[in-house]
Amino acid sequence: MKQVQYNGLTFVPFISKEEIAKRVREIAADIKADFDGTVPLFICVLNGAFPFAADLFRAVDMDAEITFIRLKSYQGTETSGKVKEIVGLSEDIKGRNVIIIEDIVDTGHTLAKLVTDLQQKEPARLKIATLLFKPEAERNGVKPDYVGFSIDPRFIIGYGLDLDGMARNLEDIYVLKQD
């Protein structure tokens, strides 16, 4: 992996696609063990979670369904602190086993709002799978059930994570280079 540049910022390799693939398989096995015998509904939070959701959904060796919701709280490299729902959930989740798929849990503002909204729809169980978790940055008591990697609160891109819409298609994850 080599360093990459976006918007005049330099990013260095952080988590390789091989490490990501290994953790995705491990999380999929955990989900299968927890939900075996059911048909869970995966809710992918667009846009960032799309690559993780696709890989995780394929790796879960069981019947399952997937749908998508789009929420946004980031502007550039900073969270705006405000959650805007852009595309909502149309499926009835009452009595269903639901797994939210997130790319990253940072402050937890976005996920806390989503969990509150979904709990009002009375799912049987509601779990959270995230590729990345920044426990030091979390401010809302949100604790994901399945975590790919716990990381320090640094800005990262790749594998769905973006900088102003760019870099989502990188196969590896990169971190902003510290001077």
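**Chatting through the fold**

Q: Hi! Where does N7 sit?
A: N7 is in the loop between strand 1 and strand 2; strands (E, at least two residues) and helices (H or I, at least four) are DSSP runs, numbered from the N terminus. This is a predicted model in which local features need pLDDT of at least 70, side-chain atom pairs count only at pLDDT 80 or more, and totals for chains, interfaces and linings use all residues. Residues are numbered from 1 along each chain as its sequence is written, and side-chain values use heavy atoms, with hydrogens and water left out.

Q: What sheet do the four strands form?
A: An open one, antiparallel, in the order 1-2-10-9. Strand 1 (4–6) and strand 9 (156–157) are at the edges with a single partner strand each, so one side of each has no neighbour in the sheet.

Q: Switching to rings: how many aromatic pairs are there?
A: Two. Rings of Phe, Tyr and Trp (its six-membered ring) pair if their centres lie within 6.5 Å; planes under 30 degrees apart are stacked, over 60 edge-to-face, and the rest tilted. F11 and F155 have ring centres 6.2 Å apart and planes at 55 degrees, so that pair is tilted.

Q: Which parts does the pair of F11 and F155 tie together?
A: F11 is in strand 2 and F155 in the loop between strand 8 (146–150) and strand 9, so the pair links parts 144 residues apart in sequence.

Q: Now, which residues of helix 1 meet helix 2?
A: V24, I27, A28 and I31 of helix 1 meet F52, D55, L56 and A59 of helix 2, where contact means heavy atoms within 4.5 Å.

Q: Last one: which residues does the cis peptide bond join?
A: L46 and N47, with omega about 0 degrees. N47 is in the loop between strand 3 (41–46) and helix 2.

Technical notes
Two strands pair if DSSP finds at least two bridges between them.
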